[in-house]
Amino acid sequence: MADRFRSSIAALGAALSTEWNRFWFTPAPAQRLAVVRSLAGGLGLLLAWSWAGDLMAWFGPDGIVSPEVLKAWRSPTALSLFDVARSSAAVWAFFLLGVVLLGMLTVGAMTPIAAPLAALFWASLLHRGPMLVGPADDVLAVILWCLAVGRPGDALAVDRRRAGGAGAAAPSWRNGLALGLLRVHAAVIAAAAAVAQLKADVWWNGTAAWFLAARESTRVDLTGLLAGSEIVTNVVTHAIVLFEIAFAAGVWNRWTRPVVARAGLVGWPLIGLVAGEPMWGAAMAILAWACVPEEAPER
Amino acid sequence: MLLVVYLVGLGLCVAGNTASGTSHLVGTLKDRLFAPWMVPLWLDLGHDTRLTYGLPEDADHHLEIRPAVSRPARQGNGPATAVLRFPATGDHSERGARWRRLAVATVLAEEDAEQAGVLPAAIGAALFRVAGNDDLEVRIVRRVAPDYESARSLRRDETALEVRVRRRDGELQLIPLPPAEEVAPLVDTAPPGGGK
């Protein structure tokens, strides 16, 4: 009896181990990750642009976010490369270096170096002004670290051209690991957003869409449409939450994954527009792209 | 093994960074074992993107900076003063969104003993040169949307925070300003010739 129990446990352990290795370490081609790399680099440049205009007002020697402000704000374990930049020239130099790294990531130049350094730059920038950070910045940080794990420079990249490789690079387990991490994060972020929203009455009584649309900062003015019909307001509100739940759960099923991942390419940007967070919507769409299954073999 | 550790850390970060608070157990585990290496990488994230709860703090906020003047002057009985607004009216860009986040963070920080007053003072001090004045009023305005039931109404502006920041003899001073109604001039309603 004890032997049978032991052998069942061993079989279960072996099955779990096989499944674990299959999910995380199956070699994957670099094309999908390369597209994620280009899109993330492009989004990083756009977001960096939004920091650039007021860089000195925030981080300059006489800027608002002074070292004293950071002391009251940041976790003791937080670090930023910008902490050593005390002059305007040094702040700009660090910032422009980061922009160059994001540009290199976008085109896939020196990717093995550019990817981790771009992630490091991004984390440093966010730690320099944590009270200015939005959800798109957070999601981009996650994507950049995932890219640093994989080999996104093996396709659609300047690196690939330089290497003279006309054909595709061999699939790598690092790409599989990076895509797996991106999928886990996509599901976790969608689920966490849905859980956070369902704590508030406005997401249950169906009026949250109104409060999103009625902000002055919204990019798409839906107030006329929503004020005219409570049913439409309710539909938009509930659709956002249902989409997030469907996305978080759907990317784990082989039948639903192609549908919800592709729906995410449209759904997330739409939610971003309605919510006044278009960059967050774009960042989530990049994660959705990482979830679209390869044609073959099925991961 | 590293992957398992990271996934556990990810779960604890999501559970430990919610607006609802976190348990002592989760908080301790996260802070002791994961925060030291996940915080520097900007991976200690809750991802609880609520978008809105329909609360005043979810409304758009902006900063208004003006030279400090006496209350009656500001209420229309004195010379008009130039007002700097961050972000500018109609700025829907991500850059504008960062100013709005700064404004919200400034208001919310007033509830934290360690952070209270830090940002208003920093904002005022940083803008002395821009405003050309060493005595400024920093006002954070929230533009509250009407409830759905009164959807046709206009948004209304509320003062979420208002302080005076000035530099005297090189020293920065922060003077909280009470709401306007608390300092409105008293109207003598006693009948002519004395009441009693």
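The model scores ipTM 0.91 and pTM 0.90.

Chain A contains 15 helices and zero strands. Its C-alpha trace spans about 70 × 55 × 45 Å along the principal axes. Of the 299 residues in chain A, 50% count as buried. Among the contacts in chain A with a separation of 6 or more, 75% are accounted for by residues 24 or more positions apart.

One pair of helices in chain A is formed by α14(A), residues 257-275, and α15(A), residues 278-291, with axes that come within 7 Å and cross at roughly 170 degrees. Angles over 145 degrees count as roughly antiparallel, and α14(A) and α15(A) are therefore roughly antiparallel to each other. By class, the contact of α14(A) with α15(A) has 14 nonpolar, three polar and one charged residues. The residues of α14(A) that meet α15(A) include A:Leu265, A:Trp268 and A:Ile271. On the side of α15(A), the residues include A:Trp280, A:Met284 and A:Trp289.

In chain B, the mean pLDDT is 83, and 85% of the residues reach 70 or more. Confidence in chain B is lowest in helix α3(B), residues 71-77, at a mean of 56, and highest in α4(B), at 95. Over residues 182-196 of chain B, pLDDT stays under 50, and the model has three contacts beyond four places in sequence for this stretch. Where pLDDT is low, the predicted coordinates should not be read in detail.

Helix α4(B) comprises 16 residues, 94-109, and at 1.5 Å a residue should span 22 Å; the end C-alpha atoms are 22 Å apart, which agrees. The buried residues of α4(B) include B:Glu94, B:Arg98, B:Trp99, B:Arg100, B:Leu102 and B:Val104. Also buried in α4(B) are B:Thr106 and B:Ala109, among others.

The contact between the chains takes 51 residues from chain B and 52 residues from chain A. On the side of chain B that touches chain A, the elements that give two or more residues are α1 (2-16), α2 (24-38), α4 and α5 (118-131) of chain B. The largest share of this side, nine residues, comes from α4(B). The residues of the side of chain B that touches chain A divide into 26 nonpolar, eleven polar and 14 charged.

Terms used. Residues are numbered from 1 along each chain as its sequence is written. Chains are lettered from A and ligands numbered from 1 in the order in which they are written. This is a predicted model: local features need pLDDT of at least 70, side-chain atom pairs count only at pLDDT 80 or more; totals for chains, interfaces and linings use all residues. Helices (H or I, at least four residues) and strands (E, at least two) are DSSP runs, numbered from the N terminus. The expected span of a helix is 1.5 Å times one less than its number of residues. A residue is buried if 20 or more other C-beta atoms lie within 10 Å of its own, exposed if 12 or fewer, and partly exposed in between; C-beta atoms are placed from the backbone. Axes are lines fitted to C-alpha atoms, for helices over the stretch in contact, and angles run from 0 to 180 degrees between N-to-C directions. Angles under 35 degrees count as roughly parallel, over 145 as roughly antiparallel, 65 to 115 as roughly perpendicular and the rest as oblique. Two residues are in contact if their C-beta atoms, placed from the backbone, lie within 7 Å. Ala, Val, Leu, Ile, Met, Phe, Trp, Tyr, Cys and Pro count as nonpolar, Asp, Glu, Lys and Arg as charged, and the others, Gly among them, as polar. pLDDT is the predictor's confidence in each residue, from 0 to 100.
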